[in-house]
Amino acid sequence: MTRDVRICFIGDSFVQGVGDPEYLGWVGRVLQRTPGEVTAFNLGIRRETSEDVLRRCRQEILPRTRPDADNRLVISFGSNDMVEEDGALRVDPARCLENLAAVLDESRRLAVSALVVGPPPVVDAGEDHLRRTRELAGEMASLCLREDVPFIAVTEELARDSTWTTEAMTNDGAHPRAGGYRRMADLVLGGRWHEWLALI
């Protein structure tokens, strides 16, 4: 019998794939190159922070899982948290980490296997934002290591990637087009993606 694999992707506009004229984003491109049958749900919402994702996590995931299925959750947020508005960060880094831990706790309660993809860089947000995002990504990786949850780092690689940065700057300053999302998909697929999906 074929496994009923269900994957929810939850997060922000990078998960949603904003800016991609092909409407695939990195999520669609990862799924294109994932063998076997997968039922996928893209639950990315533009401008959302970790607070927003935590708030809707359970109500989004629960109706999309089945007790007899191989239920999965891919989490990616943090870029919006590190944006400064009116002289303050939208979400403090410590609070963002608490929110990630809470989402991972919720996934365990729902018997859903989780994987975390690090926050992509926002090119036009400047060096301070990139520094904060790098530091947050490192803390996320450490948290996932403690929680025995796979973490795929993308922040540093995309910040150095000419396709990602050029497309973002010629688009809206934050979101790339097809080439940038293709590059991010490569990083996810080159991480622990296939190993994670093979687990039962």
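Biologist: Before we start, what are the ground rules?

Modeller: This is a predicted model, where local features need pLDDT of at least 70, side-chain atom pairs count only at pLDDT 80 or more, and totals for chains, interfaces and linings use all residues. Residues are numbered from 1 along each chain as its sequence is written, and side-chain values use heavy atoms, with hydrogens and water left out.

Biologist: How many aromatic pairs are there, and what makes two rings a pair?

Modeller: There are five aromatic pairs. Rings of Phe, Tyr and Trp (its six-membered ring) pair if their centres lie within 6.5 Å; planes under 30 degrees apart are stacked, over 60 edge-to-face, and the rest tilted. Take W164 and Y181: the centres are 6.1 Å apart and the planes stand at 75 degrees, so this pair is edge-to-face.

Biologist: What makes that pair a tie between parts of the chain?

Modeller: W164 sits in helix α7 (residues 162-170) and Y181 in helix α8 (residues 178-190), so the pair ties together parts 17 residues apart in sequence. Helices here are DSSP runs (H or I, at least four residues) and strands are too (E, at least two), numbered from the N terminus.

Biologist: Why is W164 called buried?

Modeller: Buried means under 20% relative accessible area, exposed means over 50%, and partly exposed is in between (1.4 Å probe, protein chains only). W164 has 0% relative accessibility, so it counts as buried. Y181, with a relative accessible area of 0%, is buried as well.

Biologist: And why is the pair of W193 and W196 called tilted?

Modeller: Those two rings are 5.4 Å centre to centre, with 50 degrees between the planes, and the tilted class takes what is neither stacked nor edge-to-face. Both residues lie in helix α9 (residues 193-198), three residues apart, about one turn of the helix.

Biologist: How do you know that the charged end of R72 sits over the ring of W196?

Modeller: The rule wants NZ of Lys or CZ of Arg within 6 Å of the ring centre and within 35 degrees of the ring normal. The charged end of R72 is 5.0 Å from the centre of the W196 ring, and it sits over that ring.

Biologist: What makes strand β1 largely enclosed?

Modeller: Seven of the seven residues of β1 (residues 5-11) are buried, so the rest of the structure largely encloses it. V5, I7, F9 and G11 point one way, while R6, C8 and I10 point the other way.

Biologist: What makes R46 and D172 a salt bridge?

Modeller: The rule is a side-chain nitrogen of Lys or Arg within 4 Å of a carboxyl oxygen of Asp or Glu. For R46 and D172, the closest N and O atoms are 3.3 Å apart, and they form a salt bridge. R46 is in the loop between β2 and α3 (50-61) and D172 in the loop between α7 and α8, so this pair ties together parts 126 residues apart in sequence. R46, at 46% relative accessibility, counts as partly exposed, and so does D172 at 33%.

Biologist: Why is E60 called buried?

Modeller: E60 comes in at 16% relative accessibility, so it counts as buried. E60 forms a salt bridge with R56, the closest N and O atoms being 2.9 Å apart. R56, at 7%, is buried too.
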